[in-house]
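Colleague: I am new to this structure. Please take one part of it, look at it closely, and then connect it with other parts that can be described in the same terms.

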Amino acid sequence: MSEDTRISTGDAFENLLHEERRFPPSEHFAAHAIATAELYEQGKEGPGFWARQARELLTWHEDFSQALDWSEAPFAKWFVGGKVNAAYNALDRHVEQGRGDRVAIHFEGEPGDTRTYTYAELTTAVKKAANAFESLGVAKGDRVAVYLPMIPEAVITMLACARIGAVHSVVFGGFSADALRSRIDDAEAKLVVTSDGTYRRGKPSALKPAVDGALERPGHTVENVVVVKRNGEPVEWTEGRDTWWDDVVGPASDEHTAEGHDSEHPLFILYTSGTTGKPKGILHTTGGFLTQTAFTQKYTFDLHPETDVFWCTADIGWVTGHSYVAYSPLVNGATQLMYEGTPDTPHQGRWWELIEKYKVSILYTAPTAIRTFMKWGRDIPAKFDLSSIRVLGSVGEPINPEAWMWYREIIGGNGGRSDTRAPIVDTWWQTETGAHMVSPLPGVTACKPGSAQVAMPGIAVDVVDEMGQSVPNGSGGYLVIREPWPAMLRGIWGDPERFKETYWSRFDNMYFAGDGAKRDEDGDIWLLGRVDDVMNVSGHRLSTTEIESALVSHPSVAEAAVVGASDETTGEAVVAFVILRGSAAQDDDVVTTLRNHVAKEIGPIAKPRNILVVPELPKTRSGKIMRRLLKDVAEGREVGDATTLSDPTIMQQIAASLRK
Ligand code: WT7
């Protein structure tokens, strides 16, 4: 391991590992919980356990003959020979089994408009969309780019694709036209589904212009663009290419038979940042993904689909919005809430107002949101009735014990009665893993603030040292997964070598997640953040190299280095160090220009919080940038050991330039 990939074992983490607080489930909760301790025993069976889950949780068009084929490792095949349709499992079967009147989605728009879809209504909507997409020439195996806000049409589009066997590639609405184009090109998408825009902080915000921008340059594969009318703002129109959703989906037939697709048929591609400049198209397939997402949604959240109201606040542009908005809640027949806007519009109590209004019982969100609410103050949630909440979930980044305790007391506190407080499940997983891998089980596990704790039943997670040996309790190392799992990525779109190299080459026969982790004295797992060049800003994954490439693509920049600096609210923040070209003026303007340039190249979410203009960058004799030292500067710490630098005075030069 090079200097830069060593695991941080700072004081903060040492303190964490001495966390003494334990919160066992209340007797009442444990008595009604769906998960039991036996589940862990059953999970030890591996593929056989998953085969049982697959048959119990899904309805198969044709049963499978083999649970797992690992003969071409690391390329897995799960539920071999089985035929299954994701949309049928999420929709039709509930209607056929008499649950058609149950609410599938309560939608609330940012301006306060609402729509409710029962399972019967959502099924019809998806059948119409499937027919409409087919009428535009989309067939099984074709790729469809989805660039939509959090409106029901997003889920309808994803399920319509799944129904016909087309592969969706959702691109987060916060990504730029350039980022959208590179994803369209990589997947060779035939259709783009977008909207005129959405609402953000009380104002209409546009999306269609980014699609127009992405498709401006010829040489792409897109034949049609379907546009949902959401905010009614005027849009540019390309005749022959653009169609309003209402004009094509509206008149489509509401009859459509779902065919069973092969268990390993591609379900979706989702791009995520890696350690190089080019985002990776993570490929997920059907049977395994559906099985493990449905399993985890049921057991991690103690889902009682007849009575619970589930709210996962993630955008469909991220994997959480795939696994726990578009698929698993519907596959499990649950009722969920979908909210379009920001948490502070029109006031900072909007989320709590929604929870009161829809009687949300399971809330699943990110630590960055919790820390923001902490900043806004406990008086705000205190104004609302949150007594419907039974289970709280956290995802995307480590949750610090202070935020964990606030979440428990203020959001899950149920008026202060300690015996009815909601358990918190801190779920560790990744775009690549598809579904929860490490999490407590409510009703079974005694929760510990700040720790994701234990591997899910049927999942073989371990913490290993440099040599790939399991570490003893009380020690740190790297998080790995020792056995294949159903929702694992099946590869990187169009790049099998990169798949092997990225995840399977660091340790023999183990999946390397890229995260540092520790086991405490009880054997519980604590996640310590990425050990590679990937940052986590507000639970969003960003690559240092990708932002560096964006910066150096600007004519004013000669060299750039990017680090993630710890930030109280967003977890990490992007801090860039740039060397300007001789001719470029060093003033505030250049910083603003470069921030906007990154927003244009990648998206506003990647904008550096700070850009520091420096005369030199610290490099080792072999030319590798020592980000560790830059991180010290960015976090305002005394700079660490700089003796391996090619020029040890560089850190002083940088410090001097920043004092100017
Ligand atoms: C990376 C994956 C999982 C869906 C959202 C993010 C970090 C995720 C946790 C957690 C500590 C976490 C890891 C991981 N991460 N959940 N509960 N505790 N860290 O998906 O964009 O693929 O990012 O997010 O560093 O590798 P993603």
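Modeller: Lys624 is found in the loop between β30 (610-613) and α20 (627-634). Helices (H or I, at least four residues) and strands (E, at least two) are DSSP runs, numbered from the N terminus. Residues are numbered from 1 along each chain as its sequence is written. This is a predicted model, in which local features need pLDDT of at least 70 and side-chain atom pairs count only at pLDDT 80 or more, while totals for chains, interfaces and linings use all residues.

An unreviewed UniProt entry annotates Lys624 as "modified residue: N6-acetyllysine". UniProt positions are given in the numbering used here, feature names are shortened, and annotations may be inferred rather than shown by experiment. The scale calls a residue buried if 20 or more other C-beta atoms lie within 10 Å of its own, exposed if 12 or fewer, and partly exposed in between, with C-beta atoms placed from the backbone.

The unreviewed UniProt entry also places a "binding site" feature at Val552, His554 and Val557. His554 sits in the loop between α18 (544-552) and β28 (557-567), and Val557 is in strand β28. His554 has 20 C-beta neighbours inside 10 Å and therefore counts as buried. Val557, with 22 such neighbours inside 10 Å, is buried as well.

Leaving out residues up to four places away in sequence, His554 touches Leu594 and His597. With its neighbours within four places left out, Val557 is in contact with Leu551, Val552, Val578, Leu580, Arg581 and Leu594.

A residue is near a molecule or strand if its C-beta atom, placed from the backbone, lies within 6 Å of it. There are 23 residues around the ligand, and Trp428, Gln430, Thr431, Leu527 and Arg541 come nearest. At least two residues of this shell come from each of α12 (319-331), β20 (424-427), β24 (511-519) and β25 (525-530). β24 gives the most, with three residues. The shell holds nine nonpolar, nine polar and five charged residues. Here Ala, Val, Leu, Ile, Met, Phe, Trp, Tyr, Cys and Pro count as nonpolar, Asp, Glu, Lys and Arg as charged, and the others, Gly among them, as polar.

Asn509 lies in the loop between α17 (496-504) and β24, and its phi is near 55°, a positive value in a residue other than glycine. Asn509 counts as exposed because 11 other C-beta atoms lie within 10 Å. Lys359 also has phi near 55°; its place is the loop between α13 (350-358) and β18 (362-365). With 17 C-beta neighbours inside 10 Å, Lys359 is partly exposed.

One runs from Ala73 to Pro74, with omega near 5°, and Pro74 is in the loop between β1 (66-69) and β2 (77-80). Another joins Thr345 and Pro346, with omega about -5°, and Pro346 is in the loop between β17 (335-339) and α13.

How values were computed
Two residues are in contact if their C-beta atoms, placed from the backbone, lie within 7 Å.
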